[in-house]
Amino acid sequence: MTITRPFTLGAVAYDPKVVTIWEGFKDWFATRDFAFDYVLYSSYEAQAEAHLAGDVDVTWDSPLAWVRTRRLAAAAGREARAVAMRDTDQNLTSVVLVRSASDIIDVAQLAGRAVATGAIDSPQATLLPLAHLADRGLDPGTSFTVRRFDVMVTKHGDHVGGERDAVRALMDGEVDAACVIDGNQLLFAKEGTIAPDAVRVLSRTGVYDHCTMTVLDDAPRFIVERFIELLLSMSFDDPEVRPLLELEGLRAWRPGRTSGYELLEQAVDRLGFYGADGTILVEGYPR
Amino acid sequence: MTRERTTVDLGALGFDGGADVLVKLALADRQVGDEIAVRGEHPDLAGHVATWCRQQGHRWRSTDSPSDGDAIGFIERGSAVSARWIGAERCGHADPTTEGAIDAAPPASWGLAARGAAVEPGGPTPQFRLGVREEVWTDRAAPLYAQAAAAQWDPATAVDWSAPIEHDLRVEAAIVQVMTFLIENEEAALVVPARFLGQIHPHFREIQQFLAVTVADEARHIEVFSRRATMSGHDLALSTVGGRTSLQTLLDEPDYATASFLLSVMGEGTFVSLLGFLERHAPDSSTRRIAHLTRADEARHVAFSLAHLERHAHVEPDLRSRLARAVEQRHRALQGTAGLNEDVFDALVVLAAGDITPERVRTGWQHVQALQVEMSDARRARLARLGFTAGESEALSSLHTRNFM
Ligand SMILES: [Fe+2]
Ligand SMILES: [Fe+2]
């Protein structure tokens, strides 16, 4: 790069509030004399490819986008780094819910039944729970029927709609089980989508991490350091910053880590979503 | 500080059914870093609580193998839940009589917050044009509002709408004319405070409340005068340009103190006399009753305005000359208009006469003369209360619109 551009972040526009969030961050970074801008993509796949092409310096990645970026980078002899994440991105689980009155008390009983999931590319509501069931001897689509609720495909399940539809199908008796992220079970209970005591957790996945700020090895190191330093300094106690953090759903930024992506890496392989080089293998995925 | 650990017992409750409410209550009086123990029998409690703690910024530590009745784990209180209190400012006090309850210039950022609440910093800054205490405040607002709230009457039952009408048709026509006149005046008395109501900073809640109940009063006045006008099957009478022009000058007044002065001290005050006249002289019981009810409301509207302007004039001595100029200006603006609708004047005579005979009309005429004297005397007394000299009061009273309001 000859002319320095502002440190540029790629993010996926899964909701209009994404503009509010990054405009707010941009303003806030400006008050810290940090030149920052952002580019919005309509899909994580396009964002990952743009990142590899050098169009942006950092990407705000879904866990699945991290997996693909890491694989694309590795295939090109490069390295991706997970540099920051939200406190709320760490140690998540997904749950397989059944109706409380259901006769299903053991995962094995899902054989021959219908299981609702989120979008085809949702790590939390499709890939991780399906791999979790596969690990327990239930092959998705063979041992049981998968009813997918494809809301905003290519946005990696960021939109809550697919999970909500899955749970509605469960409540309506259209399916025997539904897969959602743990936090959404509580959300759906609070908003009334799930009636009190209407569901129980049949099974829970292992612990995993969610979104991450990803950089590649050619990112300007000092600027990346400053970017991380500024993120970590954002305080929920600060009334100026708090609305931004609330919109983005965190209380504090944490240093990045990759230990929480192991389960998803395995799920991606097991379900054949991406190849080892980051190629998209899954059928019927719009590009 | 004692580090004794509280235990929150959730019974069979899960976080999908309200357990978080109990946990929040248990954490409320704990310091950041303190732990509470969690006990409960919900089958997925540990999963729920871990998720919830992550979302709330608390730390969760589960016990490895809880035996019967033991805690399933411990929540360490995080700092995020109390972040909103940092820098939160008490905006005055709910009780207006408390020292410092009413701020002289409440910031826009307090916005719609309840007076006395702790206001989290940041957020919208709605602009309320009437945002300075000295411009709007009076301690009398709260008791007058309470009085108004207690005195609300139901137009449907407070008046006997089936009372017989035994007077001459021409007397009834006079009543219809008077009602037609009253209604448009009541409209002005509704619209003017309604326009200012939305501009008052919510910190001055008692002022808002008084203006709001005033608007409701005027709505009822409009209703009962309309019902009375049409009670005998007549069409409403004439609304004149002169009357509406006089009222328009009230609508056009942008200054709150001036508008309140012209509308209430001068206009509604004059109406108190007029309604007293109707209560004494109307030939039928429903008109007398309506006049009685509306007069009590109007007296309250006048009392509020006098109290507010008395205080305002005290803190801003120039106010009086501003108000005097406004009366003079209004007088000049209305000089070219007809003043009181001649039909209204005649109708008042006929109404007070109660019958169409020379003797009765003479009596009616005398009552109307007496009314005008009473109106003028009462106006002077109100002006004197605001600190105008006898000479000033005399002069200003004489310049008041002939249209009464
Ligand atoms: Fe009125
Ligand atoms: Fe009034």
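Residues are numbered from 1 along each chain as its sequence is written, and chains are lettered from A in the order in which they are written. Because the model is predicted, local features need pLDDT of at least 70 and side-chain atom pairs count only at pLDDT 80 or more, while totals for chains, interfaces and linings use all residues; side-chain values use heavy atoms, with hydrogens and water left out.

**Stop 1: the largest pocket**

Select A:Gly183, A:Asn184, A:Leu187, A:Gly249 and B:Gln55, which are the closest to the centre of the largest pocket among its 45 lining residues. A pocket is an open set of points on a 1 Å grid over the protein atoms alone, with protein on both sides within 12 Å along at least five of seven lines; lining residues have an atom within 4 Å of a point. The volume here is about 1,200 Å³, a volume being the space filled by probe spheres set on the points, with grid points joined across faces, edges and corners.

Next, colour helix 6 (182–191) of chain A, one of the elements that give two or more residues to this lining. Helix 6 of chain A provides the largest share, seven residues. Helices (H or I, at least four residues) and strands (E, at least two) are DSSP runs, numbered from the N terminus. Chain B contributes through helix 1 (19–28) and helix 2 (45–56). The lining divides into 18 nonpolar, 12 polar and 15 charged residues. Ala, Val, Leu, Ile, Met, Phe, Trp, Tyr, Cys and Pro count as nonpolar, Asp, Glu, Lys and Arg as charged, and the others, Gly among them, as polar.

**Stop 2: the second largest pocket**

Keep helix 2 of chain B selected: with five residues, it gives the most to the lining of the second largest pocket. This pocket has a volume of about 700 Å³. By class the lining has seven nonpolar, 10 polar and 10 charged residues.

**Stop 3: two packed helices in chain B**

Select residues 141–150 (helix 4) and 205–230 (helix 7) of chain B, which pack at an angle of about 35 degrees with their axes 9 Å apart. Axes are lines fitted to C-alpha atoms, for helices over the stretch in contact, and angles run from 0 to 180 degrees between N-to-C directions. On helix 4, show B:Ala141, B:Ala142, B:Leu144, B:Tyr145 and B:Ala148; they meet B:Glu206, B:Ile207, B:Gln209, B:Phe210 and B:Val213 of helix 7. These contact residues divide into eight nonpolar, one polar and one charged.

**Stop 4: helix 2 of chain A**

Select residues 44–52 of chain A, where seven of nine residues are buried (under 20% relative accessible area, 1.4 Å probe, protein chains only). The buried residues pack against elements of chain A including strand 1 and helix 3 (63–75), with contact meaning heavy atoms within 4.5 Å. Just after this helix, A:Gly54 takes a positive phi of about 85 degrees.

**Stop 5: the cavities**

The whole structure holds three cavities of 30 Å³ or more, a cavity being a set of points where a 1.4 Å probe fits but cannot get out. For the largest cavity, select B:Pro193, B:Leu211, B:Ser260, B:Leu263 and B:Ser264, the nearest to its centre of 17 lining residues. About 140 Å³ of space lies inside. Helix 9 (256–281) of chain B gives the most to the lining, with six residues.

Finish at the second largest cavity, of about 50 Å³. Its lining includes B:Gln177, B:Thr180, B:Leu238 and B:Asn403, and helix 6 of chain B gives the most, with four residues.

Technical notes: Buried < 20%, exposed > 50% of the residue type's maximum accessible area, 1.4 Å probe, protein only.
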